[in-house]
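Hi there,

Here is the structure I promised to pass on to you. Have a look at it first, and then read on for my notes.

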Amino acid sequence: MEVERAKKDDDLNSADGGGGSAEEVSVERIFEESADAPPPWQNQLTFRAMIVSFILSILFTFVVMKLNLTTGIIPSLNISAGLLSFFFVKTWTKILNKAGILKQPFTRQENTVIQTCVVASSGIAFSGGFGSYLFGMSEVVAKQSPEANTPLNIKNPHLGWMIGFLFTVSFLGLFSVVPLRKIMIVDFKLTYPSGTATAHLINSFHTPQGAKLAKKQVRALGKFFSFSFLWGFFQWFFTSGDGCGFANFPTFGLEAYENKFYFDFSATYVGVGMICPYLINVSLLVGSILSWGVMWPLIGAQKGNWYSADLSSTSLHGLQGYKVFIAIAMILGDGLYNFIKVLGRTIVGLYKQFKNRDALPVNDRSPSNTVTISYDDKRRTELFLKDRIPSWIAVTGYVVMAIVSIVTVPHIFPQLRWYHILTMYIIAPVLAFCNAYGCGLTDWSLASTYGKLAIFTIGAWAGSANGGVLAGLAACGVMMNIVSTASDLMQDFKTGYMTLASPRSMFLSQAIGTAMGCVISPCVFWLFYKAFPDFGQTGTAYPAPYALVYRNMSILGVEGFSALPQHCLMICYIFFAAAVFVNGARDAVGPNWSRFIPLPMAMAIPFYIGGYFTIDMCVGSLILFVWRKLNRPKADAYSSAVASGLICGEGIWTLPSSVLALAGVKPPICMKFLSGATNVKVDSFLNPS
């Protein structure tokens with residue numbers, strides 16, 4: 001997503017480094033006193049862990065895919081994955097224990113393995129580009145863009161090549177950073193706030209008090225999961241035609257509805273709003289008001305002057321062009337600023353690390369010269385270095401996968417030459433390291449930014465005559481998968497470090513999860529693609545908005561600004577500069593004041609899509625705000641579980657709704673909302689007497 005994996009403020013603020021400071025209560029002493037010794041790494045990868053991981057991977061892939069294909073805002077689901085994995089396996093072991101056949105108790109290491117596998121698998125639904133670069137290659141999206149609409153720049157989705165492509169490019173990121181795990185986690189002691197927060201959560205689950213709270217959280221998740229699922233089922237009955245159902249309720253009046261301002265009764269986005277920080281939700285609302293409330297009506301008034309009045313509503317030479325390209329300008333401005341900022345922090349951080357050392361450790365056998373302070377640090381470091389992953393395995397794996405990819409990918413995308421891929425794989429380990437290191441400092445993955453760089457560089461290198469648009473999109477996929485899986489793996493290593501999970505079990509769990517995702521995600525996407533005839537078209541239930549955005553980025557990189565309508569380029573320059581300026585202002589004023597300044601990346605999302613989902617998300621924020629005012633401890637304990645239930649319930653409803661659509665079963669009722677004057681005309685037409 002473009003506001004990548006939005007985290008809860010509390011998760012990030014409460015996450016300590018887990019490795020450099022003395023802790024008031026020694027977590028590892030508590031587990032040692034309870035005789036909870038870590039099992040061997042082979043016993044952490046249990047059969048039940050893989051079964052539970054597979055089931056949860058399907059569930060979370062449906063959730064991520066739905067979010068990906070509607071607005072592109074995907075919250076962090078690590079807590080939900082950890083909570084549900086705890087519930088499933090705890091129930092499993094409880095039943096076996098009562099039957100007297102329990103062979104192995106459920107440990108926090110196994111919990112970590114499952115969470116890692118599920119997040120790795122469902123993450124392919126994002127990095128696989130099903131809502132962005134991959135679907136942007138299709139004829140459906142190409143028809144919405146007048147430029148480069150040729151067979152050379154079009155490749156329609158097909159299950160076979162999608163699975164093959166993901167298998168050839170998704171594993172390189174894992175091998176690229178494995179040799180650096182000790183440097184990142186033990187020597188540099190990078191924070192990785194999300195990985196640390198997830199570790200604290202899993203550790204707490206496996207204490208007596210934490211287990212009781214986890215059961216209550218799972219109960220709350222189950223209640224709201226059921227409500228959300230049944231609510232989605234109920235709404236389905238009223239959606240037999242276009243513009244029907246509760247999702248089209250004109251909450252603020254018909255004129256506001258025409259400008260995409262209404263509450264669409266989506267439990268999913270109410271839940272997302274509860275998980276995302278207040279600032280992101282407010283930024284989305286400000287962006288929707290600025291665009292749909294101010295800019296688009298003003299630019300629309302110039303119809304016939306700035307652009308032809310005869311153009312269709314989807315033409316990029318008309319108002320649609322302003323919506324798409326101004327959003328792209330803000331996304332690129334924000335991405336460039338954050339890329340330079342994170343890269344700068346990476347360089348400064350590395351300089352400080354090198355300055356305090358005679359030499360950089362280069363392999364797992366090099367002794368750690370960092371003085372450990374706490375017992376927990378000593379215990380965690382000892383076990384983290386115990387099960388080493390030999391560097392030669394990582395290097396060999398990377399080289400073998402690179403060769404396979406260089407040979408295979410040009411057969412899938414002839415526009416992407418072997419030397420394009422070789423060039424990317426030569427520089428990819430450096431970019432993967434930068435992304436993993438920057439993510440450890442800031443918790444901000446720049447995977448989509450690196451993907452956009454690949455779009456512009458490789459697309460321009462290939463050239464318009466050689467299918468540069470498709471080559472740029474395919475290159476985006478290659479690069480995004482490498483840098484995304486690299487940062488995800490290092491986050492998981494941090495979680496494993498703090499839960500005493502073996503690096504070998506973590507690596508294998510990530511690899512198994514990635515393999516699952518390479519099959520599950522394309523199958524889930526294929527179900528959506530086949531079930532809904534209007535899939536991917538603007539204004540439908542699943543518009544896949546970023547597919548058109550990414551395709552037009554590739555067109556810009558290859559063919560320049562010929563697709564832009566009049567004055568659009570000047571406005572794009574203004575918004576690009578504004579995105580850079582606002583980000584600079586946020587950093588300049590400090591954290592106390594920056595929380596009142598909107599995020600440009602979040603503001604850009606509703607520019608093209610509309611503001612309806614921002615209303616839902618702000619309702620979620622309002623619910624959480626009021627809940628915290630009334631009972632903050634309870635809200636902090638249960639809000640994530642409630643939000644996860646709302647997201648997962650309606651998200652999983654898409655499976656039966658897709659099956660019903662494939663079977664040709666249509667809802668029986670169309671509920672529409674009309675103005676009084678239109679209603680009189682309809683009545684007079686139906687009852688002419």
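Let me start with a question: which residues in H26 meet which residues in H27? On the H26 side they are Ile-605, Pro-606 and Ile-609, and their partners in H27 are Tyr-612, Phe-613 and Thr-614. Please keep in mind that this is a predicted model.

Staying with that pair, helix H26 (residues 600-609) packs against H27 at an angle of about 135 degrees, and the axes are 9 Å apart. The two helices are therefore oblique to each other, as the angle lies between the 65 to 115 range for roughly perpendicular and the cut-off of over 145 for roughly antiparallel. Sorted by class, their contact has five nonpolar residues, one polar residue and no charged residues.

H27 (residues 612-662) also meets helix H14 (residues 267-275): their axes come within 3 Å and cross at roughly 140 degrees. That makes H14 oblique to H27 as well. The contact of H14 with H27 has 16 nonpolar, eight polar and two charged residues.

Now for the chain as a whole. It has 28 helices and zero strands. Its C-alpha atoms fill a box of roughly 85 × 55 × 50 Å along the principal axes. If we take contacts between residues at least 6 apart in sequence, 85% of them join residues at least 24 apart.

The largest nonpolar core has 197 residues, and the members that touch the most others are Phe-165, Phe-413, Leu-416 and Tyr-425. Helix H21 (residues 468-499) gives the most to this core, with 18 residues. For Tyr-425, leaving aside residues up to four places away in sequence, the contacts include Thr-168, Val-169 and Leu-172, then Tyr-398, Ala-402, Ser-405 and Ile-406, and also Val-478 and Ile-482.

Is Leu-564 buried or exposed? Leu-564 has a relative accessible area of 12%, so it counts as buried, the cut-off being under 20%. Beyond residues up to four places away in sequence, Leu-564 touches Phe-325 and Leu-569. Leu-564 and Lys-452 are 112 residues apart in sequence, and their C-alpha atoms are 19 Å apart in space.

Best wishes

Conventions: Residues are numbered from 1 along each chain as its sequence is written. This is a predicted model: local features need pLDDT of at least 70, side-chain atom pairs count only at pLDDT 80 or more; totals for chains, interfaces and linings use all residues. Side-chain values use heavy atoms; hydrogens and water are left out. A nonpolar core is a set of buried Ala, Val, Leu, Ile, Met, Phe, Trp, Tyr and Cys residues joined through side-chain atoms within 4.5 Å. Buried means under 20% relative accessible area, exposed over 50%, partly exposed in between (1.4 Å probe, protein chains only). Helices (H or I, at least four residues) and strands (E, at least two) are DSSP runs, numbered from the N terminus. Contact means heavy atoms within 4.5 Å. Axes are lines fitted to C-alpha atoms, for helices over the stretch in contact, and angles run from 0 to 180 degrees between N-to-C directions. Angles under 35 degrees count as roughly parallel, over 145 as roughly antiparallel, 65 to 115 as roughly perpendicular and the rest as oblique. Ala, Val, Leu, Ile, Met, Phe, Trp, Tyr, Cys and Pro count as nonpolar, Asp, Glu, Lys and Arg as charged, and the others, Gly among them, as polar.
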